[in-house]
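Here is a predicted model to work through. Look at the fold before reading on.

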Amino acid sequence: MENDFPISQIVQRYDLAADKDLLYSYEELRRLNLDQRFIYTLLQTFEDEKTFSEKEYEIFSLETIIDYLRRTHSYYLSKKLLEIEQSIDILLKDYSGNHPLLHILNTFFNEYTSHLSSHIREEEKHLLPYIKNLLALEKENADTETYFAITNNYSLQTFIDSHHDTEKDLSIIRNTILEYQPPVSNQTPYRILVSQLQAFERDLFVHALIEDRILIPRALELEKRLRALYNQAP
Ligand SMILES: [Fe+2]
Ligand SMILES: [Fe+2]
């Protein structure tokens with residue numbers, strides 16, 4: 001993997017100019033008051049997920065984690081999926097009739113996109129606002145009524161029971177595509193698509209690590225702390 005691949009991919013989520021010059025990017029991070037250590041840590045996880053540990057993320061606030069996840073969601077929906085869709089469109093032009101790959105590219109990927117979009121929507125509409133509310137409860141010392149209003153219809157367990165990772169479905173699509181030879185007329189779009197899918201799988205894998213091993217365990221602790229606090233309240 002190219003060295004500047006992950007940093008430019010991460011930086012794009014923060015609406016910064018993804019410059020080839022890494023130093024410039026770090027300067028930009030500083031200018032925008034972004035936590036450089038967080039970006040470095042993410043970068044490390046992107047480069048080699050085996051180095052990932054919950055401990056190295058301990059110094060970052062849940063707000064920073066949530067902000068990253070939110071930015072990543074919109075980066076997927078507004079950029080990544082569209083890029084892949086464009087590559088598929090270009091590739092489709094090289095197939096005619098009822099080549100089996102046409103079906104895979106059209107149907108599977110459309111299904112995948114709608115599945116991922118609803119996965120993200122669920123997190124954006126329920127999970128992340130819920131955790132933000134818990135954070136506010138803790139900070140503001142809110143009254144018991146507010147606590148029960150927030151926790152009445154939702155809990156992290158509700159989310160955990162229905163949360164499934166999505167990168168495996170994508171790897172099935174990529175591996176199915178790889179079973180077919182690239183079109184003789186144009187091999188480049190085929191290769192581009194395969195490498196885009198691969199990069200997206202990696203991105204989703206890191207995203208799931210941050211959600212499942214950082215966000216959820218820490219939010220569970222927060223939820224538990226608040227539950228103890230408010231259930232004791234007179
Ligand atoms: Fe997510
Ligand atoms: Fe998720």
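Q: Are α4 and α9 roughly parallel or roughly antiparallel to each other?
A: Helix α4 spans residues 62-92 and helix α9 spans residues 187-232. Their axes lie 10 Å apart, at an angle of about 160°. Angles over 145 degrees count as roughly antiparallel. The pair is therefore roughly antiparallel.

Q: How do the residues of the contact of α4 with α9 divide into nonpolar, polar and charged?
A: α4 passes α9 in a left-handed crossing. The contact residues divide into 18 nonpolar, 4 polar and 4 charged.

Q: Which element gives the most to the largest nonpolar core?
A: This core has 12 residues, among them Tyr57, Leu127, Leu156 and Ile214. The elements giving two or more residues are α4, α5 (100-140) and α9. With 5 residues, the top contributor is α5.

Q: Which residues does Leu156 touch, not counting residues up to four places away in sequence?
A: Leu156 belongs to the largest nonpolar core. Ala219 is in that core too, and is one of the residues Leu156 touches.

Q: How many residues does the second, separate core have?
A: This core includes Ile84, Tyr190, Leu193 and Leu197. Its total is 10 residues.

Notes. Residues are numbered from 1 along each chain as its sequence is written. Chains are lettered from A and ligands numbered from 1 in the order in which they are written. This is a predicted model: local features need pLDDT of at least 70, side-chain atom pairs count only at pLDDT 80 or more; totals for chains, interfaces and linings use all residues. Axes are lines fitted to C-alpha atoms, for helices over the stretch in contact, and angles run from 0 to 180 degrees between N-to-C directions. Helices (H or I, at least four residues) and strands (E, at least two) are DSSP runs, numbered from the N terminus. Angles under 35 degrees count as roughly parallel, over 145 as roughly antiparallel, 65 to 115 as roughly perpendicular and the rest as oblique. A crossing is left-handed if the near helix is turned anticlockwise from the far one by less than a right angle, and right-handed if clockwise. Ala, Val, Leu, Ile, Met, Phe, Trp, Tyr, Cys and Pro count as nonpolar, Asp, Glu, Lys and Arg as charged, and the others, Gly among them, as polar. A nonpolar core is a set of buried Ala, Val, Leu, Ile, Met, Phe, Trp, Tyr and Cys residues joined through C-beta atoms within 7 Å. A residue is buried if 20 or more other C-beta atoms lie within 10 Å of its own, exposed if 12 or fewer, and partly exposed in between; C-beta atoms are placed from the backbone. Two residues are in contact if their C-beta atoms, placed from the backbone, lie within 7 Å.
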